[in-house]
Amino acid sequence: MNDSVYVGNAGRDAALDRGWILGHFKTAGDPRHSEDVEIKWGVHPPGDERKQWVRGEERTALLILVSGRFRVELPGRSVLLEQQGDYVVWGRGVDHSWVAEEESVVLTVRWPSVPGYAVPREALDG
């Protein structure tokens, strides 16, 4: 067995870490550990939204719609992804938020992989 290979299922694995399947937050030595990039398989019920805007973004992000209808809010601009394969890219310094207008699956790639940006647990419960 080669420890530098991991085979999984994005849907199952994503459920273990708020959707994130690759990034700095995975255990060192795990093939999914990376400080260069983060990948998220996001499954969102209708009306699901980011409770707080990401401010002071230090990463570049690519978000691709797999299924559903998903809106990304950017300063002065709202981007609606409604056809499979629609995507949006935003760079460092661009604040953002999002909402799932329908049940949606999105694939997000961010780079580099850096700590921070998680919505505090108490904000999720409110």
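Two strands are taken to pair if DSSP finds at least two bridges between them, and helices (H or I, at least four residues) and strands (E, at least two) are DSSP runs, numbered from the N terminus. The structure described here is a predicted model, in which local features need pLDDT of at least 70 and side-chain atom pairs count only at pLDDT 80 or more, while totals for chains, interfaces and linings use all residues. Residues are numbered from 1 along each chain as its sequence is written, and side-chain values use heavy atoms, with hydrogens and water left out.

The secondary structure of the protein chain consists of two helices and eight strands, and these elements follow one another from the N terminus as α-β-β-β-β-β-β-β-β-α. Of the 126 residues in the protein chain, 37% are buried, where buried means under 20% relative accessible area, exposed over 50%, and partly exposed in between (1.4 Å probe, protein chains only). Among the contacts in the protein chain with a separation of 6 or more, 66% are made by residues 24 or more positions apart, contact being defined as heavy atoms within 4.5 Å. The accessible surface of the protein chain comes to about 7,500 Å², and carbon and sulfur atoms account for 50% of this surface; such areas come from the Shrake-Rupley method with a 1.4 Å probe, and for residues only the protein chains shown count as cover.

Strands of a sheet pair through backbone hydrogen bonds, either parallel or antiparallel. In this model, five strands form an open sheet with antiparallel pairing, in the order 1-2-8-3-6. Strand 1 (20-22) and strand 6 (87-90) are the edge strands of this sheet, each pairing on one side only, and the twist from one strand to the next averages 20°, with axes taken as lines fitted to C-alpha atoms (for helices over the stretch in contact) and angles running from 0 to 180 degrees between N-to-C directions. Strand 1 is joined to strand 2 (residues 38-44) by two bridges, and W20 has K40 of strand 2 as its bridge partner. Seven bridges connect strand 3 (residues 60-67) with strand 8 (residues 104-111), where S67 is partnered by V105 in strand 8. Strand 3 is also joined to strand 6, in an antiparallel arrangement with four bridges, and here the bridge partner of A61 is W90.

A further open sheet has three strands in the order 5-4-7, again with antiparallel pairing. Its edge strands, strand 5 and strand 7 (97-100), each pair on one side only, and neighbouring strands of this sheet are turned by 20° against each other on average, direction ignored. Strand 4 (residues 70-74) and strand 5 (residues 77-81) run antiparallel and are joined by five bridges; E73 has S78 of strand 5 as its bridge partner, and L74 stands opposite R77 in strand 5. The hairpin of strand 4 and strand 5 has two residues between the strands, and in this hairpin G76 takes a positive phi near 75°.

With a relative accessibility of 5%, S113 counts as buried. The side chains of S113 and E38 are joined by a polar contact of 2.9 Å, a polar contact being a pair of N or O atoms within 3.5 Å, of which, within protein, one must be able to donate a hydrogen and the other to accept it, and residues adjacent in sequence count only if both atoms are side-chain atoms. When its neighbours within four places in sequence are left aside, S113 is in contact with G23, H24, S34, E35, D36, V37 and E38.
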